[in-house]
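I opened the two-chain file to go through a few elements one at a time. My notes follow in the order of looking.

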Amino acid sequence: MNNRQKISALSMMFRILKRDITVAWRRRSDVMSVFFFFIIAASLFPLGLGVDLKLLHSIAPSVLWVAALLSCMLSLPRMFETDHVDGTLEQLIISNQPILLVAMMKMLAHWVLSGLPLVLIAPLIGLQFNLNMEELQMLALSLLLGTPTLSLIGGIGAALTLGLRGGGVLIALLVLPLYIPVLVFGSGAVNAVTMGMSASGGVALLGAVLALALIFAPLTASYALKISVE
Amino acid sequence: MASTALNNSLHVSNLACIRGERVLFKKFSFTLYSGKLLYVQGENGSGKTTLLRTLCGLSMPAAGEVLWNQQNIKALAEDYFGQVLYIGHLASIKDDLSAVENIQFSLSLSGYIVDRLQVIEALDILGVARCADFPSRVLSQGQKRRIALAQLWLQDNPERIPLWILDEPFTALDTNMIKKLEQHIDKYVKRGGMVIFTSHQTPSFEDGLMQDLLLGNA
């Protein structure tokens, strides 16, 4: 049995991503529950606040962003947990690729499964808040730039709390304060548009936070993962 | 390919491992060469698993170092990991994936692609070919164990994977299967492979092949 091909780092990264998505697809309920949490949480406000369209319009950016933040956090504990329990994490750590790339792929998979669906559905939810086309576009754009950061920073929290009892609450305490800049810049960008100002500052800052997280989060998480299997 | 020309070495010098507050072992040294088996023995809790995990780079030793061909494995990192096959207590099998998918993924982690037919062939040797496409959650412990061990039949070229580290490979297997596994390990070692394993059953390998190592009460 020697006719095997050697595969590249890129190919292995793709395989990790594909496997995570396959596993999630076979357990659709996990992904769906987070998705519906976002829809329901964000829809409660229009229902509770009644017909004050002006008020709804002005709170829309913050409400949608907070809902996105919380639903993203709900799925964080799962990022490394199943791999930790069944021993796959050990194998990932001693694979012939740097653990940094592995951590990055796990975070990307998390975003594809929990961040991307929010980006796609958010404009539809935004309609309930009486947002116009321009505002909806900015909402989607800010989420597109912001949710990857949530997955990246969340990955650090997930890796640090791996194997701890009551890890779920601890993740919230660790990660939510770090989410504040994303929340501020993200909802700020949408707010700017609703007030007729330029949103370019907020968007640029979201991009900057994403770039920063992209550099530091996988690195930090990979160290945390190494410690967690010791 | 001259498979007899392999001369890798794993050298452990002054190794010490601490678990919590307890010193499991210290000032611990040995050397293992290609074509040799190392049988690690010891009571429960004597540090067998810790030793194995340290040797494959999962745990850091409290003192001392592990050298692969005279180079520290910490410095080699991925270059070393790519040459080792570690099968631990946990089978690293995803419940939602089938046996074939699980094995293909495990192998891609060590950098190789195998096609379905090769995997089925290996599963057939272990007598679990008919479970190839079931989701792993419906399988028994013994069957999962066999699926994890199927990697040994797919990674048995000592020139690519010169070192196997096996933690209790014989548990949950029936006598017939134990025999088969022993023969396979024997074949791999004679081709120049290096195997480190723990077991509570005394395995029957030829005398010249196997080194013993007793842990605990040191």
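Which elements are included in what covers the buried residues of α9(A)? I found α4 (78–86), α5 (88–93), α6 (99–127), α7 (133–160) and α8 (167–194) of chain A among the covering elements. Contact here means that the C-beta atoms of two residues, placed from the backbone, lie within 7 Å.

Before going on, I note that this is a predicted model, in which local features need pLDDT of at least 70, side-chain atom pairs count only at pLDDT 80 or more, and totals for chains, interfaces and linings use all residues. Residues are numbered from 1 along each chain as its sequence is written, and chains are lettered from A and ligands numbered from 1 in the order in which they are written.

**Entry 1: helix α9 of chain A**

I took element names from DSSP runs numbered from the N terminus, with helices being H or I of at least four residues and strands E of at least two. Helix α9 of chain A covers residues 200–229, 30 residues in total. From first C-alpha to last the helix reaches 43 Å, close to the 44 Å expected at 1.5 Å a residue; the expected span is 1.5 Å times one less than the number of residues.

I then looked for a bend and found one of about 35° at A:A213. The bend is the angle between axes fitted to the seven residues ending at a residue and the seven starting there. A:A213 is also on the list of buried residues of α9(A), along with A:L206, A:L210, A:P218 and A:L225, among others. A residue is buried if 20 or more other C-beta atoms lie within 10 Å of its own, exposed if 12 or fewer, and partly exposed in between, with C-beta atoms placed from the backbone.

**Entry 2: where chain A touches chain B**

I checked the contact between the chains, which takes 27 residues from chain A and 30 residues from chain B. On the chain A side, β1 (5–6), α1 (9–26) and α5 each give two or more residues. α1(A) gives the most, with 6 residues.

**Entry 3: a parallel sheet in chain B**

I traced an open sheet of 5 strands in the order β6-β8-β9-β3-β10, with parallel pairing. Two strands pair if DSSP finds at least two bridges between them. The edge strands are β6 (84–87) and β10 (210–214), each pairing on one side only.

I followed β9 (residues 194–198) to its partners. β3 (residues 37–41) pairs with β9(B) over 4 bridges, and B:L37 has B:V195 as bridge partner.

Is β9(B) buried or exposed? I count 5 of its 5 residues as buried. B:M194, B:I196 and B:T198 lie on one side, and B:V195 and B:F197 on the other.

**Entry 4: positive phi in chain B**

Most residues other than glycine have a negative phi. I noted B:K27, with phi near 50°, in strand β2 (residues 22–33). B:K27 counts as exposed because it has 11 C-beta neighbours inside 10 Å.

I also noted B:Q70, with a positive phi of about 70°, in the loop between β4 (63–68) and β5 (71–72). B:Q70 is exposed, with 7 other C-beta atoms within 10 Å.
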